[in-house]
Amino acid sequence: MPDIEKFIEIEVLRYRPEQESEPVLQSFNVPFTDDMSVLQGLQYIKDHLDGTLSFRWSCRMAICGSCGMMIDGKPMLSCKTFLRDYHPAGLRVEALAHMPIERDLIVSAEDFITKLESIKPYIIAKEPRAVSDGEYLQTPRQREMYEQYSSCINCMLCYAACPQYGLDKDFTGPGVLALLHRYNADSRDGGAAERLELGYADEGFWGCTAVGYCSVVCPKGVDPANAINQNKMNSAINYFTRFVPGKGAEK
Amino acid sequence: MSATGSDARRHAGGRRPYVRSMDGWWKRDPYFIRYMAREATAIFVAAYAIVLLFGLYRLSQGPAAYDGWLQALKSPLSLAFHLAALATFVYHTWSWFNIMPKTMPILFAGGKRVTPAAITSAGLAAAIVMCLVIFGIVWRIA
C-alpha cells in the first residue's frame, strides 16, 4: 500500500423508483490505487459508503458484458476502465444511455434480449447432420468472414452509442444486426433467408444512418457499422433483382 | 424528462423504468457533432447541383441568358458561396471516404484482407486524381 492514500470523486446517477421521480446525481469520495477499475470503485462505495447502490457485474475481465455504463458520457465496460485515468478531475457514472433505467446503474435489457432472440443467434444447419458425419470444415478465409462479429459479448455499449436506437426503439440496433450478419456470413449456416426478412425490413439495416460510433465503443473489436452497411448493398440488389426471372427476393 | 407511465403500469411489483430524453443528443459527444457536420454537407452538395441545373436551364434559353448566368457567378456573393461550397465539399469527400470501408464487404487481395485504411486512401486518391483531370480539361477549354 502507498504511504499517502489517493481519493477520487465519483459522481453516480442514482434512481430509486420508490423514492425518486427522476434520476439524481450523488457524489462519493473514494480512496483508490492505480490498479483499481471503475467497477472496483463502485464496489468500494457499495461495501463502505452506501450499500443501496445497484449495478450489474460478474466476471471483472471484459467477457461477461454485464458492467457496461456511461463513464463521463461514453459507453464503457467499468471493469475495463481505470480510476487513475480520471484522477484528479473525478468522473461521472450513469446507466447506459438509450435504455430505460431500472434502478441506479441498471438498465432494462428486455428490448435487446427480445431482438436478439428474434434473429436466431445460432447456427441453423443447412441439412440434418449426424455426429458420424464428423466436424464441419472451414477454410481460414471462410472463418475470417464472420470471426470478428462473433466476438460480441452482448454488453449493449453499441446501443448506448447509437442515436438512431435512442430516437427509434423499433430499430433493431447495431449489436443484434452484427450478430445477424455473423451467422449469415458463416459457411456452416443455412438460416440466412429467414434472418434477412428481419434485416431487410425497415427496422433492420436501413434504420442505420452510418453514424459509426457503435464500432468505436465496442470493447471487443466488433464492427457493427460494417456488418450493417454492407448488407444495405445486398438489400438493394435483392430488391431490384426480384424483377429478374429466376433471381431475387424469394431465394 | 419524465418516466413513461405506460411502462410503469406494464410492470408489476414496483418497477418504474425511467426513460431519459433524447433532446439535444447530437451535442452530447464530439463524435455526434462530426456526424451531423458530415450529414449537413449534403445541403451544400444539393445547393450546388441546383446552381448547375439552373445554368443548364439558362443555356436552353439561348446565349444571352447563359451569359447572364455566367456573369451572376462572378458576383462577390457567388464567389463567397463557391468558397463555402468548396470547403464543405472537401469535408464531404474526406468524411465519406472515411466511412466507405464500413459500407463494403470484407475484401481480399492477393490472399490478404484489404484494410479499411487502404480503402479510404484509395478513395481519396481517386477523388484527387479525378479533380485534377476535370480541372485540367476545364482549364484547356477555358
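Guide: Buried area is the accessible area that two parts lose on being put together, summed over both. In this predicted model, the area buried between chain A and chain B is about 2,900 Å², and carbon and sulfur atoms give 53% of that area.

Visitor: Which residues of chain A lose the most area to chain B?

Guide: They are R141(A), E144(A) and V211(A), which together account for 15% of what the side of chain A buries.

Visitor: Why is the pair E110(A) and R15(B) called a salt bridge?

Guide: The term asks for a side-chain nitrogen of Lys or Arg within 4 Å of a carboxyl oxygen of Asp or Glu. The side chains of E110(A) and R15(B) meet at 3.1 Å, N to O, and because this value lies within 4 Å, the pair is called a salt bridge. The count between chain A and chain B is four salt bridges, and there are also 18 residue pairs in polar contact across this interface, both residues being at pLDDT 80 or more.

Visitor: What are the domains of chain A, and how do you know where their bounds lie?

Guide: The bounds come from an automatic or database domain assignment, which divides chain A into domain 1 (6-107) and domain 2 (110-241). The C-alpha centres of these two domains of chain A lie 30 Å apart, and the contact takes 17 residues from domain 1 of chain A and 17 residues from domain 2 of chain A.

Visitor: How many salt bridges does the rule find across the interface of domain 1 and domain 2 of chain A?

Guide: The rule finds zero salt bridges there, although six residue pairs, both at pLDDT 80 or more, are in polar contact between domain 1 of chain A and domain 2 of chain A. On the side of domain 1 of chain A that touches domain 2 of chain A, β4(A) gives the most, with four residues.

Conventions
Residues numbered from 1 in each chain as written. Chains lettered and ligands numbered in written order. Predicted model: local features only at pLDDT ≥ 70, side-chain atom pairs only at ≥ 80, totals over all residues. Heavy atoms only, no water. Contact = heavy atoms within 4.5 Å. Polar contact = N/O pair within 3.5 Å; in protein donor to acceptor, adjacent residues only side chain to side chain. Helix = DSSP H or I, 4+ residues; strand = E, 2+ residues; numbered from the N terminus. Buried area = accessible area lost by both parts, 1.4 Å probe.
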